[in-house]
Amino acid sequence: MDIVIKNGFLIDGSGAPGRKADLLIEGNTIKDIGNFADVTAETVIDAKGKAVSPGFIDMHSHADFSLPFAPYAESLTYQGVTTLVSGQCGASPVPLSPLSKPEFIQGLGENK
């Protein structure tokens, strides 16, 4: 295995209660979930005291206003958000042309 995440509190998104579990990861795929105390891997992550989840969905985001000057969305990914829905309010500035993007960013007060 490439990665073993051990001792985490797994919230799998199925609606089932969270539980203590280890994850075996190979490449970009979760290969197995269970108790793997004796398994070794290239990378071992001790998640004791932490929640382990496949990611969170922000169903009503206004990130379409911040993504033009923060395209990697660090503020979202640091919180575990892996998917977002934006633009549903009808005021989205996207898509921006290369000519209008600097004007939009300046209008938001960002100096990039």
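**Entry 1: the whole chain**

I began with burial: 21% of the 112 residues of the chain count as buried. I call a residue buried under 20% relative accessible area, exposed over 50%, and partly exposed in between, using a 1.4 Å probe and protein chains only. I note that this is a predicted model, where local features need pLDDT of at least 70, side-chain atom pairs count only at pLDDT 80 or more, and totals for chains, interfaces and linings use all residues. Residues are numbered from 1 along each chain as its sequence is written, and side-chain values use heavy atoms, with hydrogens and water left out.

Next I looked up the overall dimensions. The C-alpha atoms fill a box of roughly 55 × 30 × 20 Å, taken along the principal axes. The radius of gyration is 19 Å, while a compact globule of 112 residues would have one near 13 Å. That radius is taken over C-alpha atoms, and the globule rule is 2.2 Å times the number of residues to the power 0.38.

The accessible surface of the chain comes to about 7900 Å². Carbon and sulfur atoms hold 56% of that surface. Such areas come from the Shrake-Rupley method with a 1.4 Å probe; for residues, only the protein chains shown count as cover.

**Entry 2: helices and strands**

I found two helices and seven strands. Both kinds are DSSP runs numbered from the N terminus: helices are H or I with at least four residues, strands are E with at least two. Along the sequence the pattern reads β-β-β-β-β-β-α-β-α.

I then checked contacts, meaning heavy atoms within 4.5 Å. Among those between residues at least 6 apart in sequence, 59% join residues at least 24 apart.

**Entry 3: the core**

Which residues make up the largest nonpolar core? I list seven: Ile-5, Leu-10, Ala-21, Leu-23, Ile-25, Ala-47 and Val-52. Strands β1 (3-10) and β2 (19-26) each supply at least two residues of this core. The largest share, three residues, comes from β2. A nonpolar core here is a set of buried Ala, Val, Leu, Ile, Met, Phe, Trp, Tyr and Cys residues joined through side-chain atoms within 4.5 Å.

Ile-25 lies in strand β2. Ile-25 counts as buried because its relative accessibility is 14%. Not counting residues up to four places away in sequence, Ile-25 touches Met-1, Asp-2, Ile-3, Ile-5, Ile-30 and Lys-31. I also took a distance to Cys-89: C-alpha to C-alpha, Ile-25 and Cys-89 are 38 Å apart in space and 64 residues apart in sequence.

Leaving aside neighbours within four places in sequence, Ala-47 is in contact with Ile-5, Lys-6, Asn-7, Gly-8 and Val-52.

**Entry 4: positive phi angles**

Asn-7 is not a glycine, yet I read a positive phi of about 65° for it. Asn-7 sits in strand β1. At 28% relative accessibility, Asn-7 is partly exposed.

Ala-73 has a positive phi too, of about 50°, and is not a glycine either. I place Ala-73 in the loop between β6 (56-61) and α1 (74-77). Ala-73 is buried, at 15% relative accessible area.

Tyr-72 is found in the loop between β6 and α1. Is Tyr-72 buried or exposed? Tyr-72 counts as exposed, at 67% relative accessibility.

**Entry 5: a salt bridge and a patch**

Side chains of opposite charge can pair when their charged atoms come close. I looked for a side-chain nitrogen of Lys or Arg within 4 Å of a carboxyl oxygen of Asp or Glu, the salt bridge rule. By this rule the count is one. The salt bridge joins Arg-19 and Asp-12, with the closest N and O atoms 3.5 Å apart. Arg-19 is partly exposed at 34% relative accessible area. Asp-12 is partly exposed at 30%.

On the surface I noted a nonpolar patch of Ile-57, Met-59 and Val-85, with about 290 Å² of accessible area together. Patch residues have over 30% relative accessible area and no salt bridge; like charges are joined within 9 Å, and nonpolar side chains (Val, Leu, Ile, Met, Phe, Trp, Tyr) within 5 Å. Val-85 belongs to strand β7 (residues 81-86).
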